[in-house]
Amino acid sequence: MTASEIIKTELTESGRTQVWLVRKINEAGVKMNKQRLSGVLNGKLVLSADEFLLMCKILNITAIERK
């Protein structure tokens, strides 16, 4: 499973929205907008390791859990 698939799956399973995640990312001090997140989750844009780790922290998951 790719990093973007891990995040997309967790959002779907938890019932959270992309808008919610974007808001949390911005609250953490990292600039992100809905268009970028959508591109990342659809495999059109590359997710940085820092962004992925922050998203995992926000979603309270580890990549190992989703392997």
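Trainee: Where is V30 found?

Mentor: V30 is found in the loop between α2 and α3. Helices here are DSSP runs of H or I with at least four residues, numbered from the N terminus. This is a predicted model, in which local features need pLDDT of at least 70 and side-chain atom pairs count only at pLDDT 80 or more, while totals for chains, interfaces and linings use all residues. Residues are numbered from 1 along each chain as its sequence is written, and side-chain values use heavy atoms, with hydrogens and water left out.

Trainee: Is V30 buried, exposed or partly exposed, and what does V30 touch?

Mentor: Buried means under 20% relative accessible area, exposed over 50%, and partly exposed in between, with a 1.4 Å probe and protein chains only. V30 has a relative accessible area of 30%, so V30 is partly exposed. Contact means heavy atoms within 4.5 Å. Leaving out residues up to four places away in sequence, V30 touches I25 and L54. The C-alpha atoms of V30 and S14 are separated by 22 Å, and these residues are 16 apart along the chain.

Trainee: What span does helix α1 reach, and what is expected?

Mentor: The expected span of a helix is 1.5 Å times one less than its number of residues. Helix α1 covers residues 3-14, twelve residues, and reaches 17 Å from its first C-alpha to its last, close to the 16 Å expected.

Trainee: Which residues of α1 are buried, and why are they on the same side?

Mentor: The buried residues of α1 are S4, I6, I7, E10 and L11. They cover an arc of only 160 degrees around the axis, which puts them on the same side of α1. The arc is that of the directions from the helix axis to the C-beta atoms. On the other side of α1, T12 and E13 are exposed. The cover over the buried residues of α1 includes α2 (18-27), α3 (34-41) and α4 (49-59).

Trainee: How is the packing of α2 and α3 described?

Mentor: Two packed helices are described by the angle between their axes and the distance between the axes. Axes are lines fitted to C-alpha atoms, for helices over the stretch in contact, and angles run from 0 to 180 degrees between N-to-C directions. For α2 and α3, the axes come within 10 Å and cross at roughly 115 degrees. The contact is made by Q18, V19, L21 and V22 of α2 with K34, L37, S38 and L41 of α3. By class, this contact has five nonpolar, two polar and one charged residues. Ala, Val, Leu, Ile, Met, Phe, Trp, Tyr, Cys and Pro count as nonpolar, Asp, Glu, Lys and Arg as charged, and the others, Gly among them, as polar.

Trainee: Which residues are buried in α2 and in α4?

Mentor: In α2, the buried residues are W20, L21, V22 and I25, and they pack against α1, α3 and α4. In α4, E51, F52, L54, M55, C56, I58 and L59 are buried. What covers the buried residues of α4 includes α1, α2 and α3.

Trainee: Which residues with a positive phi follow α1, α2 and α4?

Mentor: G15 follows α1, with a positive phi near 80 degrees. Just after α2, G29 has a positive phi of about 95 degrees. N60, in the segment after α4, has a positive phi of about 60 degrees although N60 is not a glycine. At 68% relative accessibility, N60 counts as exposed.

Terms used: Helix = DSSP H or I, 4+ residues; strand = E, 2+ residues; numbered from the N terminus.
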